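Open the model in your viewer and keep the selection tool at hand.

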Amino acid sequence: MYDIAIIGAGIVGSSIARELSKYNLKTVVLEKGVEVCQGTTKANSAIVHGGYDAHEGSLKARLNVEGNKLYPKLCKELNVEFKQNGSLVLAFDEEDKKHIQQLYDRGIKNGVEGLKILNKEEVLKLEPSVNKNVVSALLCEVAGIVCPFNLNIALMENAITNGVDLKLESEVIDINKIDDEFNIKLQNGKIIKSRYVINAAGVYSDKINNMIGVDEYYIIPRKGEYKILDKSEGKIANHTLFQCPTKKGKGVLVTQTVHGNLLVGPNANVVDDKEDISTSREGIEEVVNASRKSIENIDFRKTITSFAGLRATPNTGDFMIFASDKCKNFINVGGIESPGLASSPAIAKYVVEILKEEGLNLEKNTDFNPIRRKNKPFSHMSSKEKEEIAKKDERYKKIICRCEMVTEGEIIDAIKSPCGAKTVDGVKRRVRPGMGRCQGGFCGPKVIEIIARELNINVEDVLKDYDKSNMVVGKVKEMRGELVEI
């Protein structure tokens with residue numbers, strides 16, 4: 001019997017779990033995936049927006065601005081890289097100039113700090129590679145970039161360390177309420193009992209909401225396609241570069257990632273299938289062509305991969321965060337599209353306030369530890385630091401991924417952590433083997449071998465990411481991968 005069951009272990013569910021771990025509660029997170037961070041959170045623009053885009057008075061506006069302010073401290077506590085690189089909304093004609101003036105005025109009303117409208121010369125001084133047709137831009141100094149999956153994983157790790165239970169491969173298929181108790185039926189046949197339910201199920205949040213017999217909103221899955229370029233292209237943009245937004249969203253952006261790559265995208269197309277994360281030639285061409293409006297000379301020959309993600313667009317136009325008045329103690333946290341990543345720390349605090357209003361007694365957990373301990377990435381260490389850690393742990397002498405300089409020690413630590421990796425992509429998201437130029441062509445077999453060894457499973461049972469995504473088909477005698485001694 002739990003006090004609270006959170007459905008979904010994306011950035012929002014994990015943020016709420018970590019916030020609730022500050023209190024003496026018995027909390028469980030139910031995630032249908034093999035790993036946390038397998039939905040919208042793993043495939044988005046990774047932008048911590050400033051808060052000027054959302055309409056004043058909306059939950060999006062309020063929680064975006066509040067969430068943005070929480071990021072520096074949160075990422076420091078969780079040992080997650082965060083760069084406040086600032087953003088520019090570029091204007092290319094008089095109509096665009098009117099639009100960025102509206103965004104500026106809205107941002108001021110929303111309480112966004114560090115806003116300034118720049119002229120052409122000021123824009124080109126900050127961003128020499130920007131299309132010379134630019135006439136003006138809105139600068140937002142407080143906008144930033146983060147690694148969304150590292151943050152998602154760190155939040156859940158810290159929540160687990162502070163007493164939260166995580167149940168993976170636990171898809172919710174039905175919810176019944178008997179008196180004051182929810183009976184949550186899982187696909188694996190188990191029943192989870194809880195006094196409160198928090199629905200943070202992403203693109204499936206409408207489906208979960210409907211399980212309590214109430215049709216209060218619905219989700220429109222909107223697919224966005226992206227391209228990731230090599231780090232050699234990363235410095236072409238210092239700030240996150242936006243074009244003026246449309247009804248579909250904030251449009252195609254060009255930005256550095258926290259790891260130094262260049263990210264370009266997304267487009268925005270409504271799809272029927274909530275599992276459709278396929279890319280298409282037409283979609284990628286749309287992204288490439290649209291990006292040239294911002295920067296003409298991006299060398300797309302340096303592309304290392306393309307991917308797509310789904311955003312959970314609600315039919316209401318705003319975040320759907322509320323206690324159901326049809327089913328007491330059921331809290332919806334649905335429709336969390338952009339700026340959901342930026343808003344997630346504030347969303348968690350907002351949900352706690354809703355729980356208080358619903359009558360939940362919250363007693364502080366005096367043992368709560370906000371700090372997540374994690375070694376610095378080997379690639380970021382000084383020569384002296386590398387020597388020291390290699391002396392303490394022989395596994396750090398073995399380079400598995402040459403592109404990103406990832407050691408065997410880092411991979412094993414990722415598997416053995418409180419929210420440990422169970423798949424090849426799970427390791428990839430945590431410590432980056434396979435994120436470089438060769439995309440795992442060199443290190444992939446060795447990563448499979450390490451996962452099999454550490455989880456005590458056959459290599460044939462190692463998954464790429466999702467259930468049944470086995471990396472090896474058929475029987476194998478030996479996985480070969482060269483180790484490089486430092």
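Begin with Val48 and Gly144: select both, and you have bridge partners, Gly144 being in S8. Strand S8 covers residues 144-146 and pairs with S3 in the antiparallel sense over two bridges. Strands here are DSSP runs of E, at least two residues long, and helices are runs of H or I, at least four, numbered from the N terminus. Pairing requires at least two DSSP bridges between the strands.

A word on the ground rules. This is a predicted model, so local features need pLDDT of at least 70 and side-chain atom pairs pLDDT 80 or more, while totals for chains, interfaces and linings use all residues. Residues are numbered from 1 along each chain as its sequence is written, and side-chain values use heavy atoms, without hydrogens and water.

Now widen the selection to the sheet. Its order is S3-S8-S4, open and antiparallel. S3 (47-48) and S4 (82-83) are the edge strands, each pairing on one side only.

Next, the second largest pocket. Select Phe149, Thr305, Phe307, Lys428 and Met435, which lie nearest its centre among 44 lining residues. A pocket is an open set of points on a 1 Å grid over the protein atoms alone, where a 1.4 Å probe fits, with protein on both sides within 12 Å along at least five of seven lines; lining residues have an atom within 4 Å of a point. The space in the second largest pocket is about 950 Å³, counted as the space filled by probe spheres set on the points.

Colour the elements that give two or more residues to this lining: S8, H5 (148-161), S15 (253-256), S18 (303-314), H11 (424-431) and H12 (444-455). S18 gives the largest share, five residues.

Rings of Phe, Tyr and Trp (its six-membered ring) pair if their centres lie within 6.5 Å; planes under 30 degrees apart are stacked, over 60 edge-to-face, the rest tilted. Tyr226 is in S13 (residues 219-229) and Phe307 in S18, so the pair ties together parts 81 residues apart in sequence. Tyr226 is buried at 4% relative accessible area; Phe307 is partly exposed at 21%. Buried means under 20%, exposed over 50%, partly exposed in between (1.4 Å probe, protein chains only).

Last stop: Phe182 and Phe330. The centres are 6.4 Å apart and the planes at 50°, so this pair is tilted. Both residues are buried.
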